[in-house]
Number of protein chains: 2
Amino acid sequence: MTRKKTIDPELVLNAAESVVVETGVQNFTMEAVAKRAGISKGGLLYIFPTKDQLILAMLDREVSRFSAEVSLSSEAYSGDPHPTLRGYIDTARSEDVSIADKAANLMAALIHAPTMLEPARLFHIKMLGQFDSYSLEGRRGRLAYLAIEGAFFLRALGLKTMTEEEWLELLTDALDMYLDARALTPNRP
Amino acid sequence: MTRKKTIDPELVLNAAESVVVETGVQNFTMEAVAKRAGISKGGLLYIFPTKDQLILAMLDREVSRFSAEVSLSSEAYSGDPHPTLRGYIDTARSEDVSIADKAANLMAALIHAPTMLEPARLFHIKMLGQFDSYSLEGRRGRLAYLAIEGAFFLRALGLKTMTEEEWLELLTDALDMYLDARALTPNRP
DNA sequence: GTCTATATCAAGATAGAC
DNA sequence: GTCTATCTTGATATAGAC
């Protein structure tokens, strides 16, 4: 095992995430990230030439990871009118703890250009695109999705402390509401 | 009508809000606020000694205003198990345009100390406190509230563009879902 | 009470050594 | 490719005049 000579961007992203999560957005500086990653500020700026690019990479990695999990979980629900919603709920159920991490990334990104939120924007557009307004199941599915997002944001922004039990109860409620509506929806032609 | 000699804090808050909403959080500086308010930087710092205190005042005013409207609207629903939810939905319906304003305040506050979100935190605790988990109406009421919050955040953060029609449709859906559940809930003893 | 002018500070970015 | 040292900028906050 030879001594490492090149900086691994993944490790830098991990360090950046730690800094945000553990010390807050205020202390999320390039210097702090470099220190945490055990590299110099110059070395960090060689990998990510600007702070914006670092934030974008953080956000992108997080969204990709979550998105992939949702896709994977959705496969089990090909019979459902909204497999992605089902996969999303299952993924949210298994994510629990890492919610704070993602939230921190999001907040860090918010401070800078809004265009940086593009990855997250695309995800939500895809999610909301699956619901139509012309069936009860579509409308209630959308409500279920938005309720989970609402709880996520309230929790992420520190506006509502929520125990693990409360979080799971909410996910169950959302799923139940959707399933109730689905049961009432007649089969399509 | 005499020439004004003292600075009106309300006008300063208006100016601060304009700056955030129109030019974005990045350009939300004390200097920009002072310029917009037509006063000097020194004068501004006499009224609000730190930027944090200015942000807190902005947020506080916004939450108070919204909260008061909710209370007022709620009075019409004393027969409902969740009058505050009903008032909240009505208020959200009439707010529409000013959503961006409040969101901007929120985001500006987020950048700084999380303790600053206290006014908003209290509001959400009060709202969520009215729902119990032991009745369908309580659980669905909570979902309705969270769905509206979710849509609000997605919209506020620029993660989902939403037309006025879509917004109203969502509010209608949330209300309908709650009312459906209420209709199914047997009268309490 | 409000203004002008200035001090202070920290962060992102750069240049050049190794 | 990575480091050290430095530059530039822009923002908050202060000091003292009016």
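Modeller: Two residues are in contact if their C-beta atoms, placed from the backbone, lie within 7 Å. Please bear in mind that this is a predicted model.

Biologist: How many residues of chain A are in contact with chain B, and which helix of chain A gives the largest share of that side?

Modeller: By that cut-off, 30 residues of chain A are in contact with 30 residues of chain B. On the side of chain A that touches chain B, the elements giving two or more residues are α6 (99-111), α7 (118-129), α8 (136-156) and α9 (164-184) of chain A. The largest share, 10 residues, comes from α8(A).

Biologist: How many residues on the side of chain A that touches chain B are nonpolar?

Modeller: The residues of this side divide into four polar, seven charged and a nonpolar group. The nonpolar group numbers 19.

Biologist: Why can one say that the copies meet through the same surface?

Modeller: The interface residues of chain A can be looked up among those of chain B. The copies meet through the same surface because the share of interface residues of chain A that are also interface residues in chain B is 100%.

Biologist: Which helix gives the most to the surface near DNA strand C?

Modeller: In all, 17 residues surround DNA strand C, the closest being Met30(A), Thr50(A), Ser40(B), Gly42(B) and Gly43(B). Two or more residues come from each of α2 (30-37) and α3 (41-47) of chain A and α3 (41-47) of chain B. The one that gives the most, with four residues, is α3(B).

Biologist: And which helix gives the most to the surface near DNA strand D?

Modeller: Among the 17 residues around DNA strand D, Thr6(A), Ser40(A), Gly42(A), Gly43(A) and Met30(B) come nearest. At least two residues each are supplied by α3 of chain A and by α2 (30-37) and α3 of chain B. The surface divides into five nonpolar, seven polar and five charged residues. With four residues, the helix that gives the most is α3(A).

Biologist: At what angle do the axes of α1(A) and α2(A) cross?

Modeller: Residues of α1(A), including Leu11(A) and Val12(A), meet Ala32(A), Val33(A), Arg36(A) and Ala37(A) in α2(A). The crossing is right-handed. The axes come within 8 Å and cross at roughly 120 degrees.

Conventions: Residues are numbered from 1 along each chain as its sequence is written. Chains are lettered from A and ligands numbered from 1 in the order in which they are written. This is a predicted model: local features need pLDDT of at least 70, side-chain atom pairs count only at pLDDT 80 or more; totals for chains, interfaces and linings use all residues. A residue is near a molecule or strand if its C-beta atom, placed from the backbone, lies within 6 Å of it. Ala, Val, Leu, Ile, Met, Phe, Trp, Tyr, Cys and Pro count as nonpolar, Asp, Glu, Lys and Arg as charged, and the others, Gly among them, as polar. Axes are lines fitted to C-alpha atoms, for helices over the stretch in contact, and angles run from 0 to 180 degrees between N-to-C directions. A crossing is left-handed if the near helix is turned anticlockwise from the far one by less than a right angle, and right-handed if clockwise.
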